[in-house]
Amino acid sequence: MSLFLKSSASLLSSAARPAIRGLASFPGARAMPLRTYSHESEKDPNRMYATTVLSVRKNGKVVIIGDGQVTQGSFVVKDNAKKVRRLQDGKVITGFAGAAVDAITLFEKLETKLEQYPQLLRAAVELAKEWRSDKHLRRMLNAVLVVADKDVSLTLSGNGDVLEHGDGVCGIGSGGIYAQCAALALKDMPDLSAEEVARRSMKIASDTCIYTNHNYVIEILDMAAEEEKAAEKASGEKEADKAK
């Protein structure tokens, strides 16, 4: 009886081995190495970052809104981060998805490019060229930016992408697609302002994406006000030239 049990156990053990070895003992089968996936193991430029930032352009105003959640693995480490800011004396608004340190570096580089090339589209192209061609920047700067001024709304990435959004709506981050789709649906409602569209769309994204909360930071660019400031500045410069 004991011999029969030992033989049965041996047969069961040998029968289980092919499955454990990845079916390597079957003809034509090949053992595959076991791989583990870590959320932070590789810096994939196509990976959706754990946040939501949305840009909406409507009726002479541009809005960029971002949530405040910072996630580390499965933990929420901060709920009131500021992922949206102004550049070039308030003429450009921008938001980021990705590592905060990398985004700050990109903000600084974008400001430098804006000093060299005052037009946002040209500055964004030059930044994307540097970001794409520099091996160190491409590997180390792990973020995606959305930037807007009175003329254009753009998305910048380490792939060298500079995407102009003709419909005036752009979403980035893990919840960006939810916010963008909601904004496209709400944008045509005549009684909603750009800010209201952005806030309602972000609420939908926050309710859907676990990496997005309801603490929003919002920046608004009034194109009419910016044009008035530019006209006043130009007239002031002309008067100063006449005085000379």
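This is a predicted model: local features need pLDDT of at least 70, side-chain atom pairs count only at pLDDT 80 or more; totals for chains, interfaces and linings use all residues.

Me: What makes β7 (residues 143-148) count as mostly covered?

Reply: Six of its six residues are buried, and buried means under 20% relative accessible area.

Me: How do you know that β7 pairs with β6?

Reply: Pairing takes at least two bridges between the strands. Six bridges join β6 to β7, and the two run antiparallel. One place to look is A97, which stands opposite V144 in β7.

Me: And what makes β7 and β8 a pair?

Reply: Again the cut-off is at least two bridges, and β7 and β8 (residues 153-156) have four, in the antiparallel sense. L145 faces L156 of β8 across that pairing. A hairpin of four residues connects β7 to β8.

**The aromatic pair**

Me: Why are the rings of F96 and F107 called edge-to-face?

Reply: There is one aromatic pair in the structure. The ring centres of F96 and F107 are 5.9 Å apart and the planes sit at 75°, so the pair is edge-to-face. The centres had to lie within 6.5 Å, and the planes had to be over 60 degrees apart.

Me: Which parts of the chain does the pair link?

Reply: F96 belongs to strand β6 (residues 92-98) and F107 to helix α2 (residues 100-116), eleven residues apart, so the pair links distant parts of the chain. F96 and F107 are both buried.

Me: Why does R57 have no salt bridge?

Reply: R57 sits in strand β1 (residues 52-58) and is buried.

Me: What does the side chain of R57 reach, then?

Reply: The backbone oxygen of D149, at 2.9 Å. The cut-off for a polar contact is 3.5 Å. Past its sequence neighbours within four places, R57 is in contact with a list of residues including V62, K150, V152, G168, K187 and M223.

Me: How do you know that S153 and R57 make a polar contact?

Reply: Their side chains are joined at 2.9 Å, against a limit of 3.5 Å. S153 is in strand β8. Not counting residues up to four places away in sequence, S153 also touches others, among them S55, V147, L163 and H165.

Me: Why is S153 called buried?

Reply: The relative accessible area of S153 is 2%, and buried means under 20%.

**A194**

Me: What makes A194 buried?

Reply: A194 has a relative accessible area of 4%, against the cut-off of 20%. A194 is found in helix α6 (residues 194-208). The C-alpha atoms of A194 and V63 are separated by 6.5 Å, although the two are 131 residues apart along the chain. Leaving aside neighbours within four places, A194 is in contact with V56, K58, K61 and V63.

**Salt bridges**

Me: How do you know that K113 and E130 form a salt bridge?

Reply: The N to O distance between the side chains is 3.1 Å, and the limit is 4 Å. K113 lies in helix α2 and E130 in helix α3 (residues 120-133), so the bridge ties together parts 17 residues apart in sequence. K109 is in on this too: K109, K113 and E130 are linked in a network of salt bridges.

Me: Why is K113 buried but E130 partly exposed?

Reply: K113 has 13% relative accessible area, and E130 has 25%.

Me: What makes the pairs of E126 with R122 and K129 salt bridges?

Reply: The closest N and O atoms of E126 and R122 are 3.1 Å apart, and K129 meets E126 at 3.6 Å; the limit is 4 Å. E126 and R122 are four residues apart in helix α3, about one turn. K129 and E126 are three apart in α3, again about one turn. E126 is buried at 15%, R122 is partly exposed at 39%, and K129 is partly exposed at 47%. The structure holds nine salt bridges.

How values were computed:
Residues are numbered from 1 along each chain as its sequence is written. Side-chain values use heavy atoms; hydrogens and water are left out. Rings of Phe, Tyr and Trp (its six-membered ring) pair if their centres lie within 6.5 Å; planes under 30 degrees apart count as stacked, over 60 as edge-to-face and the rest as tilted. Buried means under 20% relative accessible area, exposed over 50%, partly exposed in between (1.4 Å probe, protein chains only). Lys and Arg count as positive and Asp and Glu as negative; His and the chain ends are not counted. A polar contact is a pair of N or O atoms within 3.5 Å; within protein, one must be able to donate a hydrogen and the other to accept it, and residues adjacent in sequence count only if both atoms are side-chain atoms. Contact means heavy atoms within 4.5 Å.
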